[in-house]
Amino acid sequence: MKNVQRNYILGIVVLLSFAFFLITMYITDFKNGYSIGVTGVIGLVVVLTSIFQFATWGFDRKVQKDEMGKKVATISAKTSYHILTISLFVLWVADRIIFVRRNDFGNISLFAAICLSLVIFPIVQFFSARRYK
């Protein structure tokens, strides 16, 4: 138990120090006139994802695979799906208002992402239900 707690604290310290390093590096670059590119944003997203994954599950993979872990994963996946779909719709409407698009669809990539997000969940449910019949 002592070893697991020590590993957990060590993992948190390593992840937070890496996040602090990235943030200070990006702030320094921004002050020196450099812009944060795609790789910088993806780096921050990966670090934030890692911190939340580690804070949720820690080093114990058994917790993630037991019944409660599967239930947490299922509920969070469904909730995040709905949040993502609503966010995409709001971004699409904001894009149409801000950039005053001439065509019916507005930003085609964003519109395609909305349509895809609306269709994916029922399709996955269909194939999941077929597996149990």
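In what follows, Ala, Val, Leu, Ile, Met, Phe, Trp, Tyr, Cys and Pro count as nonpolar, Asp, Glu, Lys and Arg as charged, and the others, Gly among them, as polar. Please keep in mind throughout that this is a predicted model.

Begin with the largest pocket, and select Thr74, Ala77, Lys78, Phe121, Val124, Gln125, Ser128, Arg131 and Tyr132, which line it. By the classes given above, this lining divides into 4 nonpolar, 3 polar and 2 charged residues, and the space within the pocket comes to about 290 Å³. If you colour by helix, you will find that the elements giving two or more residues to the lining are α4 (67-99) and α5 (108-132), with α5 giving the most, 6 residues.

Stay with helix α4 and select Thr85, which lies in it. Is Thr85 buried or exposed? Its relative accessible area is 12%, so Thr85 is buried, the cut-off being under 20%. A polar atom of the Thr85 side chain lies 2.9 Å from the backbone oxygen of Tyr81, and, leaving aside neighbours within four places in sequence, Thr85 is in contact with Ser117 and Leu118.

Next, turn to the largest nonpolar core by selecting Leu15, Ala19, Leu22, Tyr26, Val47, Ile51 and Phe54, 7 residues in all. The elements that give two or more residues to this core are α1 (2-31) and α2 (38-57), and the largest share, 4 residues, comes from α1.

Finally, centre the view on Tyr26, one of the residues of that core. Apart from its neighbours within four places in sequence, Tyr26 is in contact with Ile36, Thr39, Gly40 and Leu44.

Technical notes: Residues are numbered from 1 along each chain as its sequence is written. This is a predicted model: local features need pLDDT of at least 70, side-chain atom pairs count only at pLDDT 80 or more; totals for chains, interfaces and linings use all residues. Side-chain values use heavy atoms; hydrogens and water are left out. A nonpolar core is a set of buried Ala, Val, Leu, Ile, Met, Phe, Trp, Tyr and Cys residues joined through side-chain atoms within 4.5 Å. Buried means under 20% relative accessible area, exposed over 50%, partly exposed in between (1.4 Å probe, protein chains only). Contact means heavy atoms within 4.5 Å. On a 1 Å grid over the protein atoms alone, a cavity is a set of points where a 1.4 Å probe fits but cannot get out, and a pocket is an open set with protein on both sides within 12 Å along at least five of seven lines; lining residues have an atom within 4 Å of a point. Grid points are joined across faces, edges and corners, and a volume is the space filled by probe spheres set on the points. A polar contact is a pair of N or O atoms within 3.5 Å; within protein, one must be able to donate a hydrogen and the other to accept it, and residues adjacent in sequence count only if both atoms are side-chain atoms.
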